[in-house]
Amino acid sequence: MSQNTTEKNTQTGYSGREYFQQQSPHLGNQYLEDSQLIRALQRALPAQILKEIEGDLIQFGDRVVKDILEYGRASENNPPKLIQYDAWGKRIDKIVVDESWNKLKDIGCSEGLVSIGYERKYFEYSRIYQYVKIYLFACSSAVFDCPMSMTDGAARLIELYGDTKMKNDEYRHFISRDPKTFWTSGQWMTEKTGGSDVSRSETIAVDSGDGKTFNLSGYKYFTSATTSEGAMVLARDVEDATTMKGAVEGSRGLSVYFIKLRKPNGELDRIQVHKLKNKFGTKAVPTAELELMGTPAIRVGPKGRGVPVIASILNITRIHNVIHSTATMRRCIAVVRDFANRRTVFGKLLKDNLLYLSTLAEMELEFRAGLQLLLDVTLLLGKSERQGGVNKDEQKQIDLLLRIVTPLSKLYTAKQSITVSSEAIEALGGTGYMEDSDMPRLFRDTQVTSIWEGTTNVLSMDIWRTLKEPLTIKFFFQAIENRLIQASKLNENRDIIKKVVSVIREAMKTIQSVIDKVMNGDMEYAESNARRFAYLMAQTYMASLLLEHAVWSKDELDAQVAERWCFVKLENGKTNKNSSISFTDVDEKWRELDIKLALDLGEHSQPKVPHDVNSTKLRSKY
């Protein structure tokens, strides 16, 4: 897309001399300039649905680089503060946030960032519509997509397990488009005893005496979005808080409870905030260490089934992780790509520097694969939520595939985004290291995606748990094989497609051989290699998605992207098994592809302008 690079590049100093002034990177409409997203949506959505929602995506793509971005920056620059006592020594535990944070909440509500997924106007495709808007929102909003993700999860949990009263009350608040009635929700699981391992949770729930409400007591170590109206909490059921009578050890003794944080007068309801967390990133998100002191609560779902019940939230919040990771990659590339058109080094623009373009091409490759994975897991989620008229066997296949693709996509895209955002800082040089360039914020914020909702290691072991169900790997392979079969029927770009199909099939054999070894009892092998195995599964599945996109588009460039992914990820960058150096025989072959990927050019090196718009009018200074 053409860049408006005609602004003045000098600045007059106090002495009257004119000095060089580097143009800053600009961001355009984040939907219109995302050619990969537009093409992917054309493939993933029915044409009529895309036609109906695209106007909204265009306006929102413009808005996220205007008022939303400014509100996000204001929230980041004015982080939450905890006022524990008033002037007269009374304990008040008031968390004060910048007004911009409240504005972001209202915008998220009115734009339907939760509600779209539950209105289900577009059936299983509603989740794609919803999550694409959050994808556009994430990197401008100071991570307000975090409370939105937990609210999304809470709404789904109530939809599945809530009683009629909750569905007519809390659920309606969570899915409202009216800022006056909209609520957000936290998700409080982590204690000092463990994060992903909740089996030693010390928070207890005691029946208040009416059999309907409970009182929760315990210390929660990480409570994100602590200014929310409510929270879903894990607690251990006991009959007596003093003797711990009735307590069941381990995760089987836990249930899920919903609490309202505040009384009608705005005071916290038997909750004491001990501190706000001083985090590496997500600084605008209020995250507290607090104590529940008999806080009133309602049980959600069956007693003692807390972990399976709250898993319905985890599926959703983990996919929100994928959204944020992929959005971060896209935002970083947008900034770096524009900068390449503005920065001159050693007599030429960076867009003409082959080494710079090679680095940017590697970032773009990661993003394209991550985007395809995001849309795939989102559509799986949408299909899993279909209500009525679904074949039971088909539904089981979708659910098992979602169960394994969700942790794979979460763990892998998190690592991708951390790498890409780090490269983006370096790509801008010293200014990229400055806080007011926004790039350090993007890097810090995406670092949490590899930790929140399960670290890479935790999720890698979770993959083995999913494989205890034999049908899981069958459906996983079947999804890949279906794409390979369709690819084998294609005449366009046949040689490239044939090579990609062959590499993917070899990777599937390797995956199966690892599974066979573990199923024969070598559990130490499973544990020590769990991360590498999870990466291999994710990379293979992503290769099949890139292939599927190339088959649909019939574009040689897309086929080359799939081939490049297979070469780098599945063949370890070696032209043959005896090669120890990855680039010696392929440099010339990849050089032209590097330029196209880095600058987002088409098959014939033309700029990709998917819509007839004056791009310079849509661009704003970053």
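Predicted model: local features only at pLDDT ≥ 70, side-chain atom pairs only at ≥ 80, totals over all residues.
Strand S12, spanning residues 287–300, pairs with strand S8, residues 213–224, through ten bridges, and the two strands run antiparallel. Within this pairing, Thr223 lies opposite Ala288 of S12. Strand S11, residues 271–276, is likewise antiparallel to S12 and is joined to S12 by five bridges. Here Lys275 faces Glu289 in S12 as its opposite residue. A further antiparallel pairing, over three bridges, links S12 to strand S10, residues 254–260. In that pairing the residue opposite Ile298 of S12 is Phe258.

Asp445 is located in helix H13, which covers residues 439–447. Its relative accessibility is 2%, so Asp445 is classed as buried, the cut-off being under 20%. When residues up to four places away in sequence are left out, the contacts of Asp445 are Val143, Gly281, Thr282, Lys283 and His324.

No disulfides are found in a search of the whole structure. For Cys139, the closest cysteine sulfur is that of Cys332, at 7.0 Å. A disulfide requires the two sulfur atoms to be within 2.5 Å, and the Cys139 sulfur is therefore too far from the Cys332 sulfur for a bond. Cys139 has a relative accessible area of 3% and is therefore buried. Cys566 also counts as buried, because its relative accessibility is 1%.

How values were computed: Residues numbered from 1 in each chain as written. Heavy atoms only, no water. Helix = DSSP H or I, 4+ residues; strand = E, 2+ residues; numbered from the N terminus. Buried < 20%, exposed > 50% of the residue type's maximum accessible area, 1.4 Å probe, protein only. Contact = heavy atoms within 4.5 Å. Pairing = 2+ DSSP bridges.
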